[in-house]
Structures are given as structure tokens and as C-alpha cells.
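Biologist: Could you take me through this model step by step, so that I can follow how each description is reached?

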Amino acid sequence: MANITFTSPSLSRDVTVYAVAGDRGTILAVAKANKIPIPFDCQDGECGSCLVEVQILSAKRPYGMALTEKEKEALRQLGKITKDEIKEAEVNDIPPLHRLACQCFVRNEDILVKFAGDETVPAQPPHLSTAAKVYKGTTIEIASVDDFLAHAIKVEEDAALHFDGLAASMELCGNAEVGKLFRQLSGYSRLHLNEAKSRANGKDLTAQIPADYVWPDHVTPERTSLLAGDADLTRLDALRAALTGEKRGYEFYYAVAGTSKLPDVVAMAKEFVKEEAEHVKVLEAWIAREEWLSKSHAV
């Protein structure tokens, strides 16, 4: 048996649970089974939203482990792993401090898992009157939960198609690196799209999906200002544009949560607000990493 102790500002106290060694469960799987609120999104080692610190509490040498390429890349993007830590992991089987909960398997050793929890929410969300002003006075009206889900489906579907189009343009002009990034962002949007559809419980909401003209400037919130491929566009440029769109998506859901008179709509909008806040945080971390890399290469 292994003792796993979870600690976070979002928990009223530390929680210790027991996991069976050898069951190949991940830290995230154990957390979900015990209702420990570790933030997560893709669950596939790419988005970085389930970042945790893992400390070995057992006195014996840590068990051998292997970082997947996806986990190494995500930790690099977040600035949470060094070249020395990667070398230690690959050569000496010494695990790094930071891991992705969806990629870190439970071993026969006691561990302490720290995660940020509510710190993923921006410290200064947009003021309600500012966010609401953008979407109030338009023809956007949320009359029911189904209506809200139809709007969410429109937002996420448009974002996915937009990023797919940008990826194709980047690939066509030879900018494969940024094209790959846009494919990744499109994948995240499709995860959110599928989640919105699943919440509809099989209902066909096609008739309630709003047309483009109801939105401010006739475009859904998460579309970026980038319209075509640019051979000189950098990952940093692309991430900054994506962050702007993600923040607008956050503001839309935030406005719905703050202005709707329907409790069910408010509750669901708040869930989307939290998810969008986590996406904003991840993109900000990626941008910080890109800025650091560009400065270090310039030296």
C-alpha cells in the first residue's frame, strides 16, 4: 500500500488516501476517485493544467520512473523542469519535483502531492460591469441551460475551426512549428466542444445555436485577430493572439454568470468560468516560457 497525502490552498486540510501499489493508476486517477480537486483538462499530458509537486516521503531510494516526451515538453513549456532534472530522470531515474498528475503513476512509496487549486483563477478577473457591457445591449440572450450550452457549442466550435484554418495556412507557408501549435490549440477547443455537447445529454441544440451576427463585431469571443498564414509568425505571437481570444471567452462566461437570473445557468456558467480561467493561466505560463527562451537565445 502507498499513502498519498494531498495538500492545497483549496483543501480545508491535508487529505491522505491509500493506493494499491502496482495498479498502474495515476495521481490524477487517485485524486478523481477520492474527489480531490486537482485541476485537469486534456488528461493526456499535453495541456499542463494538472501540474503538481511530488515529494517522496519514503526513506528508501525513489522507484525508477520514466518521463514521457509529452510530459517533458509540457513541463518545459511551463518552465517547471530544467535540463539537469531531465538528465537525472533519464540517467539516474531520479524524478523531478514537478510532474503532471495525469502522467505520474503511483508506486509503492509514500508521497506528498501539492497542487495550486484555486490559484489557477486569475487574481484580478475582469470587472463585471466591463465584461457585461461587451455582451449586454447585443442580441445575445440566455433563456435556459440549453440556450447557454448552444452558445458554448458555438464558441468552442468556431475556435476549433479557426485554429484548424490557421494551422493549415501556417503549414502551407512553411511555418510548421506554429502550425503544430495551432493544431494543439484546436484540439483543446474540441475537448471543450465535446464537453459542452455531452452536457446536453444527447439533445439536438442546432436550432438554438446563435448566428454570427448576434455577437459583438459579428465574431465569437475566442476567435483571434489572425486571419491568414504568416511565414514570420512566431510561437510567441501565436500564443499572445490565442491568449487574447481565451480572455474574451472568459469574459463572456463571466458576464453570463454575473447577469443571468436563472440559477441553473449561473451555476453552469461558473463552471465554464473556472475552466477558462485555467486555460488563461496555462497560456500565460507558456508565454512566460517563450519570452524567457527568446531572451536567453538573444544573449
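**Contacts, elements and helix packing**

Biologist: Among contacts in the chain between residues at least 6 apart in sequence, what percentage join residues at least 24 apart?
Modeller: This is a predicted model, in which local features need pLDDT of at least 70 and side-chain atom pairs pLDDT 80 or more, while totals for chains, interfaces and linings use all residues. Residues are numbered from 1 along each chain as its sequence is written, and side-chain values use heavy atoms, without hydrogens or water. Taking a contact as heavy atoms within 4.5 Å, and counting contacts between residues at least 6 apart in sequence, the share that joins residues at least 24 apart is 78%.

Biologist: What pattern does the chain follow along the sequence?
Modeller: The chain has eight helices and five strands, taken as DSSP runs (helices H or I, at least four residues; strands E, at least two) numbered from the N terminus. Read in sequence order, they give β-β-α-β-α-α-β-β-α-α-α-α-α.

Biologist: Where is I56 found, and does I56 count as buried, partly exposed or exposed?
Modeller: I56 is found in strand β3, which covers residues 51-56. Buried means under 20% relative accessible area and exposed over 50%, with partly exposed in between, using a 1.4 Å probe and protein chains only. Because its relative accessibility is 28%, I56 counts as partly exposed.

Biologist: How far apart in space are I56 and I4, C-alpha to C-alpha?
Modeller: In sequence, I56 and I4 are separated by 52 residues. From C-alpha to C-alpha, their distance in space is 9.7 Å.

Biologist: How are α6 and α7 oriented to each other, and which hand does their crossing have?
Modeller: Helix α6 (residues 176-199) and helix α7 (residues 235-259) have axes that come within 9 Å and cross at roughly 25°, where axes are lines fitted to C-alpha atoms over the stretch in contact and angles run from 0 to 180 degrees between N-to-C directions. Angles under 35 degrees count as roughly parallel and over 145 as roughly antiparallel, with 65 to 115 roughly perpendicular and the rest oblique. That angle therefore makes α6 and α7 roughly parallel, and their crossing is right-handed.

Biologist: How are α5 and α6 oriented to each other?
Modeller: Helix α5 (residues 145-172) packs with α6 at an angle of about 165°, their axes being 8 Å apart. The two helices are therefore roughly antiparallel.

Methods
A crossing is left-handed if the near helix is turned anticlockwise from the far one by less than a right angle, and right-handed if clockwise.
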